[in-house]
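Dear colleague,

Please find below the structure that I am handing over for your review. A summary of the findings follows it.

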Amino acid sequence: MGKKRFVETYSQGMSNVRKIIVDTETGVNYLLASSDMTSGCGLTVLRDQDGRPVITPYVETEK
């Protein structure tokens with residue numbers, strides 16, 4: 001299987017879910033948030049204090 005485009009780097013909560021997802025090609029971080037995963041969720045770009053997207057270089061590790 002090829003390289004995954006998006007990877008989950010952080011997860012918090014069972015019903016009030018917060019996840020950080022990183023685009024492995026651009027490094028842009030996204031926040032996925034939901035108070036109840038059955039009724040919908042929101043996704044937004046994480047931004048720093050200057051309004052620029054948070055970028056995390058992603059390096060795939062071998063398992």
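How many bridges join strand 2 to strand 3? Six bridges join strand 2 (residues 17-23) to strand 3 (residues 29-34), and these strands run antiparallel. Across this pair, Ile-20 stands opposite Leu-31 in strand 3. Strands here are DSSP runs of E with at least two residues, helices are runs of H or I with at least four, and both are numbered from the N terminus; two strands pair if DSSP finds at least two bridges between them.

This is a predicted model, in which local features need pLDDT of at least 70 and side-chain atom pairs count only at pLDDT 80 or more, while totals for chains, interfaces and linings use all residues. Residues are numbered from 1 along each chain as its sequence is written, and side-chain values use heavy atoms, with hydrogens and water left out.

The chain has zero helices and four strands, in the pattern β-β-β-β along the sequence. An open sheet of four strands has the order 1-2-3-4, with antiparallel pairing. Its edge strands, each pairing on one side only, are strand 1 (6-12) and strand 4 (42-45).

As to overall form, the C-alpha atoms fill a box of roughly 35 × 35 × 15 Å along the principal axes. Of the 63 residues, 17% count as buried (under 20% relative accessible area, 1.4 Å probe, protein chains only). Of the contacts (heavy atoms within 4.5 Å) between residues at least 6 apart in sequence, 18% join residues at least 24 apart.

Yours sincerely

Key: Buried means under 20% relative accessible area, exposed over 50%, partly exposed in between (1.4 Å probe, protein chains only).
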